[in-house]
Structures are given as C-alpha cells and as structure tokens.
Amino acid sequence: MSGHSTYVPKTALGKWFEARLPVVRLLHDTAVSYPTPRNLNALWTFGGILAMMLVVQIVTGIVLAMHYAADSTVAFRSVESIMRDVNWGWLIRYLHANGASMFFIAVYVHIFRGLYYGSYKPPREILWILGVIIYLLMMAAAFMGYVLPWGQMSFWGATVITNFFTALPIVGQPIQTLLIGGFSVDNATLNRFFSLHYLLPFLIAGVVVLHVWALHVVGQNNPLGIDVKSDKDTVPFTPYATSKDLMWIVLFMIFYGWFVFYQPNFLGHPDNYIEANPLATPAHIVPEWYFLPFYAILRAIDFNLGPIDSKLGGVLAMFGAIAVLAFLPWLDTSKVRSGRFRPIFKVAFWLFGLNALFLGFLGSVKTDDIIMGFQAVVWAKLSTLYYFLYFLVILPVLGYIEKPKPLPVSINDAILAKSAPSSVH
Amino acid sequence: MTAKMIRWAAAAFAAGIALTSSIAVAQEAAVEYPLLKPTRQEWSFAGIFGHYDQAQLQRGYQVYKEVCSACHSMKLVKFRNLADEGGPGFTEDAVKVLASTYSIQDGPNDAGEMFERPRLPSDAFPSPFANDNAARAANGGALPPDMSLLAKARAVHRGFPWFVFDMFWPYQEQGPDYIVSLLTGYQDPPEGVTVPEGTYYNPHFINGISLRMPPPLDNDVVQYSDGTPQTKEQYAKDVSAFLMWAAEPHLDARKALGFKVMLFLIVFAGILYFVKRQVWRDVAH
Amino acid sequence: MPASEAAQVVETIFFNLASTVTDGVASARMLKRSYADRWRPLPTRKEAILAESDTPAEPTRRDFLLHAAGAFGVVGVAAAAWPFIDQMNPDASTRALASVEVDISGVKPGQAVTIMWRGKPVVIRNRTEKEVEEGKAVKLEDLKDPLARNANGDANADATDANRAAAGKENILVMTKVCTHLGCIPLDESGEFGGWFCPCHGSQYDTAGRIRKGPAPENLPIPPYAFISDSKIRIG
C-alpha cells in the first residue's frame, strides 16, 4: 500500500487481471513484499493473532445466529438447544464465548506492546487512534454479545451498563429509555442488541482495514523504536513475518483450545446459567473479566465533586480512562519511542501494568471487602489515581526530565552488535 | 534486552506473590457465604481424560427421579437424552417405556380439546409443579430451582490466587462439589445462632446460613440394585454426577475431541517452529 | 448427499488448494533467496557458525518441512470446517421427531386424515370401493411414472394399485402429499382422475396418487410406515 511495488504479473491471465483490477498487486504489496523490521519480537505477532480471532468470532457468530432466537421468552432456551441438540453446537458456542476472552487477551498484549515501545508516537498517531476505535467497538460488541444468552448476568449487566447514561443531567433518562426501548431492559433491548452485535464485527473489520492501511503507510515500529534507515534493516513480510506469525498463531490456538476443551466455563460466570429474572438481582454483579479494571474505576468514585455527583463522576472517570488513550500521542512528550532506552519510564510503565492488573482484581471483589487492611474501594481510588497520573502527569513530565540511553544508529547496527562473537559469553 | 525483561518480570512476580499472600490473609477475615468451602471430591469426569461413569449416572438418575423430582423440575432434559452417547446409556426401548409412564398435555385435537397422552422420548422430563408460582406456594415461598443447569450455575469463588492456578490445572467441578457439600452439610446450628422459621441450617449454602429445603437425603432412602452402598454420601455423589451430565451432556465428546485437537496443534506448532527456523537461518535478528 | 461423497468432494478441493499453497511457498522461497543474497557479506554470528558446521543448503529437509506444514494446515482447516458444515444438518430434537403415531380408527371410507411428518403433510386415506376399483382399472402403460415409489417395498416395483396401497389393506393409502413438481400441496378429491389436483401448476393424480397429467414427473411418494395395531399407524 505504500512505496514502490515490486509485483510483476507472470502469467497472461495475471497480466489481464492486473490491467483491470490490481487486487493481486495489493495483496502482494501488503502481505508478501512489505518490508518489515528484522528485529521484531514475538509481541509483534499479536496483530496477526487478532486478525485470526476476528475471523473466528465472525465465522462462529454467523453460525450461532443460524440457531439463536433473539426473543426474551426463548433466547435462553435457544442457547441451550445449541449446547445440547445442534450438531457441534457446544463446540461452536464455546469457541465463540471463549473467543471473546481470547480476543481481549490478545488485544491487551497488543496495546501494552504499543505502550511499552511507544508505537503511538509520530508518525503513528492515526494508526494508534484507529486502534483505540477498534478497542471501543470491541467493548461494545462484547457487551452486547454477553446480553444475548439472556442469563442473570446478561440481564443485570445490561441493566447496570445502560444505567450509565442516566448519570447525565437532564438528557440522561431519555437517552437510556431510547437505548433500551422501554422502561427496563426487555425484549426490545435484546432484539436491538442482537442486531447491533451482528453489525459491529463488520464495522470492526472495516476499521481494521484502515488500521492496516495506516500501518503500511508509516511502517511498523520495532523494539528499538528507531526508524528504518535502509533495506538492511528490513526483511520481506513473506516468508519471514508470515512464518513467525503462523507459528505464534498456532501457539495461541493451543492456549485457546485449552480453555475451549478443558475449562470452557472458567472465564464465564455461573449465574449466566440461570435464566434472566427481572425480580432478583444476583448477590454480586460483575462484568466479564476484560471490563473489570474499568468497573473498578467506575466504583472508585463514591464522592461528589462540586456539581458532579458520584454517579456522573464514576461514569466520567470510566469513559475518561478509555478516552485518555486517544490523546496519548500528545501526552507523551519524550522523543524516544522504545521504553528500552528510558530508565524512568520503564519503572512507571511496569507499575502501570501491575496497577491495571490490580484494578482488574479490585473490579472483581465487593467494594467493602478488606484488602491488605483497607477496603477495596480505598485501593480502587489509589489505583485510579495512578492510572490517570501515568497518562496526565508522568508521561508529559518524563519527556523533559528523563535522560534516555543512547540510541543505536540503525536496526542493522544494533543486530550486528548483539550478534558479534565478542559480545557472546 | 531479554535479561532486563526477565529481571522486570521477576520483580513483578515477586510483588505479585507478596500481594497474593497478604490478600489471602485479609480475605479470611471477611464474612462470606458459604461459611464452609465445598469439599473437593474425586470425579470420573474431572481432568483431561475425564468421562462420565455410566453406572453412576444411572444411579444418579434414580436418586433424582425418586427424591429430587418431587420438587425440582428439569425442563431442558429430554427422555431421549438418557439414551445419548456419553450419557447414562439407557437403551432406546427402555427410554420409550420410561417416558410413557409419564403423561403430558397435548392438543388441541379435532374437537378443539386438550388431552393427556403418554410422554414420548422426545418430550422433556415432567415438572412437579404447573408453574413457578405453584412451586413457590407449595414450598413456603421458595422456588426450588430447575435442575437442568444447576451443576454449572453454582460455583463457590475460590478467590485469588486459586483462580490463577485453576487456569493451568483445570478445576471445572465446582458445581458438583458444591452440591455434594450442600446435600451432606446439614447440621444443627451452633449455639447462639438462630435460623429463620422454616429454614434449615447449612454452612455450605451459598446464599446465607440456612435454606428452605429440608435435608433431602438419608441412608437407605433409595434402593440401589447394583450393590453400591446406600449411604447419604453416595447418593449425594451420584446425583451430583447426574446433574453435571444434565448440565453438560457433551462433556465426554468435548474432552475426547480436545485431546486430538491439542495433540494436532502441538505437533503443528513444532513443525512451524522448524519452518520458522529454516526461514530465518540466514538472517540475524 | 451421503457423507462419503461429500468427503470426496472436500478432499478434491483441498488437494487442489494444497498444491496452490505449496506453489506459493516455493515462490516465496525464491524471493527470500534474493533478499538473502543481499546480506551475504554481513558477518552475522549465525552465518559464521553455519559456515563452519553445515553444508550451505539442505533442500530435502526444507522441502519436507514446508510440505509437512502445508499438509498439516490443509488437514487442520478441512477438519475444522466439518463442524461448521454439519451444524446445518437437522439437530437432535428434529431427528427425534422423525416418527409419529396416528390413530385412524375414526377415519371412515371416503375420509382422510392429514398429519405432519418431518414438517410435511402426510395423507392417510380410507378409500371407497369405487376409488379402489378405479385405481386397479388403470393400465400400467397409461402411467407417466411406472414405478410404485413406495418406501416400504421394492424400489423397482410397478406402480400397480396393490403396490401403492397398504399391504393387506387395499383401502388404506398413505402418501406424502407434496407435489413432485415443485413442492406445493395438492387438493384432496379433485382433478380429472378423482384423486389429487395440484393448484400451483395443474398436476393431476389418480385415486392411487399416481401422476397422470401435468408437469409433475413422479407419483406421490409413500413414506415408510407400519401398522402397530389395526387402527394405529406409525409413520417414519
């Protein structure tokens, strides 16, 4: 998609086709001759893994939709008939349900790789923002998909999340009523969520095309975070990146298969095997694991802040936690991309990672549980504070006070230095 | 670079361990239901090569039929399922005879009237009450839950760090473990503890200190024909296994297929590793 | 389509795909070699070690690896595709309804009862003596379709009235009432031959359900059935 194309059609048919629709050239330039940095590590294969997961989710989802009935009186039963009666239905549904979790595991690795190696910095701002948009769409798709089995967690999750909008003054209540199509979550809600859940993956696929396009315009970042200087710094995508991507995709499938075949319900919630009951809220509502950090941030704000009451404050903090990612390219003021050359950033980054895990844990417990001598909500406030400090204070300031280590001249030089016999042993 | 990554990972790990131990200590102090965690049982269907014990499922069905089904429905399970592969292994004829001992309302007939007919293998297990309200009315306001999915709908949180270990050494039998513990866990309330009228103290109950269901099992309430000991514990285990099958009827097929798929993927990954090495052998990276 | 036939089709498709994939890998290898040449002068550690210990290229091993990987990929994709195809077949609850029992004690001569079997109407007609006579009177050479189309008898049996009616009960006729032309439902007791008439495209069936006139190619099919008692029939 960028630079000079090396594609030369060989056969007569190839030439005929090329003159009319150069799609083979596009594929060749994108997936064969595209120059990719020589020094990419395994974390860079997660883009390919994510592409695979998107395909898996779309294929299994289309199949499930053939058997699913989006009607609140039969939805739960239809999912169970998929699990019991449809040929291979149990396999396809477990692939889809666990696939959502695998998708998020992969996207979190992908995001944290970008955070560590500074993949959001110029010239990759648009690439990064497109990624944030994909992440948002994924969250919407996952949330609506979780509602479809119409279990207790589906129902109450939908109730809680659509109630976010009531936090907005004046317009909040009408917006919520509009979204759920009634005065409470019901059949109308289920139907529209099914429709949108079917639509969103294709929107995601569309934004993924833009994401890959943007990637091919600016080129991949790499663990050193320095620009590609010459041909010596790169290898063609095929067979180098493809062979590596394929290997890691299959390794990831082993991890995925482990859940699907041996603990398909580990990542789910037992309450979702109870049909939705609008009269009884489960004792402890938790979202799916991939939303837990944001759930912890939502619950951390239990105080009014001037005109902003705690409810609106929590919702704003939660959405702010996601929105802040879009501004990251301008919040990080350091000229050096890779965390490898930034001693102080490194500490802040790993603390951020641990903090995110801890937020996830806090999202899974009750707010008044005692954790290390304090209520969970106290820890959640501290963790939320660090989450925002990292983006809004640490990253902007570090660029000015941190003294980065010297950068190598080129990727090629760095590799030669590493693999020179003198540096071994 | 790798050395540094490892050092950071090690530091993170150490911090995690420190966090873990302190959290574990703190959580013991918090009051949570159930008061007692379920006792872990041995199950034939646990683990990678797990599969249901046919004789146990048959005994479990007997316990369900003679005891539980007086109050608990099982709307998602059909009689024909009893003859399915990986299930209790009834013959088709036995299923037919069994099903026909129950009746079901069908219709309307040509005269426009509803009529009763014997159940067919394609019909579901009969429900003891006409609807949920009738069930509540007959049970002091408490609804005996439908048992079709019960074994997957109950799990006692194992808490951090156990759930992390469970990821690598699968533990998917929380449901049946819980049911066994509940069924055998009835006892007199300790001194100073009073339970609400009409409820029974059970420290294994997931949602409080007592529940409305009276102790359903006792020694010798069900006659086994295969010489299995007729104890409360044995009944509880058998019926829990049966409920697990009812909730997850394709478990045998899942684990058997899983083994083949995993083996295939591991060999495939090995081949791809060597392919990758071959491809990259001329290029330092 | 029987499973073995389907498997053969799938196999052919994937063998063709497999050769395409391996060709693609081979051309990628050529490309790689040209890039590799460019780096030859670089004194990488790996190259240094390789130069000492190894012969430069080992095409047999490399080919074996690529072919093994290709074969695994093809087999994996083919195996993974099957559940996604098979899920479209009737599910267990549909298969469980494959047989129905009907009580015909109330069906008098000249009356019929229509029930649903596998989602299709099956007519059970207690024919009058006149209808039976009419059916018997038809000469085989006048029939458009000379085969009985009776699932309970020989596949090549002649379409005589006896071969169409229930064994030992010549007045009882059990048929799937779906026109063999394009699947509409023919009307009872109508048409030029006193049997069934399809309103969609004008096919006419006689009192034994045999096609006599119109675009339909075959006689109305007779499903597998059996008398469990004098008045009870199990279909399927």
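Guide: Helices and strands are DSSP runs, a helix having at least four residues and a strand at least two, and both are numbered from the N terminus. Please keep in mind that this is a predicted model. In chain A there are 16 helices and 4 strands.

Visitor: What radius of gyration does chain A have, and what would a compact globule with 425 residues have?

Guide: The radius of gyration is taken over C-alpha atoms. A compact globule with 425 residues would have a value near 22 Å, and chain A, at 24 Å, agrees with that. Along its principal axes, the C-alpha trace of chain A spans about 70 × 60 × 45 Å.

Visitor: Which domains does the assignment give for chain B?

Guide: The assignment gives domain 1, made up of 47–77 + 124–249, and domain 2, which is 255–285. The C-alpha centres of domain 1 of chain B and domain 2 of chain B lie 44 Å apart.

Visitor: Turning to interfaces, what area is buried between chain A and chain B?

Guide: The size of an interface is often given as the accessible area lost when the parts come together. Between chain A and chain B this area is about 5,300 Å², with carbon and sulfur atoms giving 69% of it. In chain A, Arg84(A), Phe261(A) and Tyr262(A) lose the most area to chain B, and together they account for 16% of what that side buries. Counted by residues, 57 of chain A are in contact with 60 of chain B.

Visitor: How many salt bridges are counted between chain A and chain B, and which side chains meet there?

Guide: Side chains of opposite charge can pair when their charged atoms come close. Between chain A and chain B the count is 1 salt bridge, in which the side chains of Asp85(A) and Arg80(B) meet at 3.1 Å, N to O. The rule also finds 15 residue pairs in polar contact across this interface, both residues being at pLDDT 80 or more. Several elements of chain A each supply at least two residues of the side that touches chain B, among them helix H4 (75–84), helix H5 (89–116) and strand S3 (370–371). H10(A) gives the most to that side, with 17 residues. By class, the side of chain A that touches chain B has 38 nonpolar, 6 polar and 13 charged residues.

Visitor: Where in chain B are Lys152(B) and Glu248(B)?

Guide: The structure holds 27 salt bridges over all chains, and Lys152(B) forms one with Glu248(B), the closest N and O atoms being 2.6 Å apart. This pair links distant parts of the chain, with Lys152(B) in helix H5 (residues 150–153) of chain B and Glu248(B) in the loop between helix H8 (232–247) and helix H9 (251–280) of chain B, 96 residues apart.

Note on methods: Residues are numbered from 1 along each chain as its sequence is written. Chains are lettered from A and ligands numbered from 1 in the order in which they are written. Side-chain values use heavy atoms; hydrogens and water are left out. Domain bounds come from an automatic or database domain assignment. Contact means heavy atoms within 4.5 Å. Buried area is the accessible area (1.4 Å probe) that two parts lose on being put together, summed over both. A salt bridge is a side-chain nitrogen of Lys or Arg within 4 Å of a carboxyl oxygen of Asp or Glu. A polar contact is a pair of N or O atoms within 3.5 Å; within protein, one must be able to donate a hydrogen and the other to accept it, and residues adjacent in sequence count only if both atoms are side-chain atoms. Ala, Val, Leu, Ile, Met, Phe, Trp, Tyr, Cys and Pro count as nonpolar, Asp, Glu, Lys and Arg as charged, and the others, Gly among them, as polar. The radius of gyration is taken over C-alpha atoms; the globule rule is 2.2 Å times the number of residues to the power 0.38.
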